[in-house]
Amino acid sequence: MNALSSAPEALSGPTVYHPRAGGQGHNLESDRFNLWYGATQALFDVTFAVERGLVTALIGPSGCGKSTLLRAINRMNDLIDGLKVSGEIRVDSRNIYSSDTDVIALRKRMGMVFQKPNPFPMSIVENVIYPLRVDGVRDRRLLAETAERALTDAALWDEVKDRLQDNALGLSGGQQQRLCIARAIAGEPDVLLMDEPCSALDPIATARIEELIDELREQYTIVLVTHNMQQAARVSDNTAFMYLGRLIEYGETEAIFTAPRDTRTQGYITGRFG
Ligand SMILES: Nc1ncnc2c1ncn2[C@@H]1O[C@H](COP(=O)(O)OP(=O)(O)OP(=O)(O)O)[C@@H](O)[C@H]1O
Ligand SMILES: [Mg+2]
């Protein structure tokens, strides 16, 4: 236990409340994290801790910094010119911005799913085992087993098991997104970061992804960015509301949606702005 896990309110200021516990302990913490794109500050003093085994939704109006924060967690922003950060993001108590961080190893621990499905132009099975290929795994049995397990976990196996060698670009949008989830979990990450994974999908495909998130909950630390309030309410345990680069309110999803304490949260979830 570090200071943040035992007393989140000590660091986080007045607008962050106790999120739901009952997961498996914090393994992801943002501690007074700031981020600048050149001269423009995009994140301000973001402090919160996310529990393993629970789904945490990140909500807020367009441009408030949700994707920026998500990308900061696996250091995907690193390549952007003029990027500057201060504060810490800790995974299992280690600051991922410390100079001795192995960024490649860090990214392997993070599965990332984007708003738009982005399968690689290769076969379905090669997409899934891509993380293992990158690692140089050649054991055909291991690769086949991993593909089947990840596709099963992503609720896609039955639909594709007879056409694993087909090009992934021939799948429907919803299938492609589940394929991307399969690829994200094939490398057995600890943390699953999902940036509006359902925004390009129809209600049926969306429902399948939501079921899937519900099933994956136990095994991962899941952070889900969504613009869909119903989705956040349906699938998340805790919700963090961001506004203009700041974390405004963080707590149990039910409390955030039924009794938000900050007028800005209230305004957003009731559709007054955003
Ligand atoms: N690569 C970049 N370079 C400069 N500014 C950026 C970059 N990416 C994002 N920003 C700026 O940072 C702020 C936060 O953007 P971000 O994409 O994180 O918002 P968001 O909450 O994900 O929005 P949306 O809901 O529309 O996806 C915005 O003002 C945006 O213009
Ligand atoms: Mg975004």
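**Briefing: an open mixed sheet and its helices**

Helix α9 (residues 173-186) lies across β6 and β7, running at about 170° to β6. The model is predicted: local features need pLDDT of at least 70 and side-chain atom pairs count only at pLDDT 80 or more, whereas totals for chains, interfaces and linings use all residues. Residues are numbered from 1 along each chain as its sequence is written, chains are lettered from A and ligands numbered from 1 in the order in which they are written, and side-chain values use heavy atoms, with hydrogens and water left out. Helices (H or I, at least four residues) and strands (E, at least two) are DSSP runs, numbered from the N terminus.

**The sheet**

- Six strands, in the order β6-β7-β8-β3-β9-β10, form an open sheet with mixed pairing; two strands pair if DSSP finds at least two bridges between them.
- At the edges are β6 (110-113) and β10 (246-252), each of which pairs on one side only.
- On average, neighbouring strands of this sheet are turned by 15° against each other, direction ignored; axes are lines fitted to C-alpha atoms, for helices over the stretch in contact, and angles run from 0 to 180 degrees between N-to-C directions.
- Strands β3 (residues 55-59) and β8 (residues 221-225) run parallel and are joined by four bridges; Ala 57 has Leu 224 as its bridge partner in β8.
- Helix α3 (residues 66-73) packs on the sheet, where it touches β3, β6, β7 (191-195), β8 and β9 (238-243); contact means heavy atoms within 4.5 Å.
- The direction of α3 makes about 155° with that of β7.

**Helix α7**

- Helix α7 (residues 140-153) has 14 residues and reaches 20 Å from its first C-alpha to its last, close to the 20 Å expected; the expected span is 1.5 Å times one less than the number of residues.
- Leu 143, Thr 146, Ala 147, Ala 150 and Leu 151 of α7 are buried, that is, under 20% relative accessible area (1.4 Å probe, protein chains only).
- The buried residues of α7 fall within an arc of 120° seen down the axis, so they line one face of the helix; the arc is that of the directions from the helix axis to the C-beta atoms.
- These buried residues pack against α5 (124-128), α6 (130-134), α8 (157-160) and α9.
- Ala 155, which follows α7, has a positive phi, near 60°.

**Ile 96**

- Ile 96 lies in the loop between β5 (94-95) and α4 (103-108) and is buried, with a relative accessible area of 4%.
- Beyond its neighbours within four places in sequence, Ile 96 is in contact with residues including Ala 72, Ile 73, Val 91 and Leu 106.

Definitions and conventions:
Buried means under 20% relative accessible area, exposed over 50%, partly exposed in between (1.4 Å probe, protein chains only).
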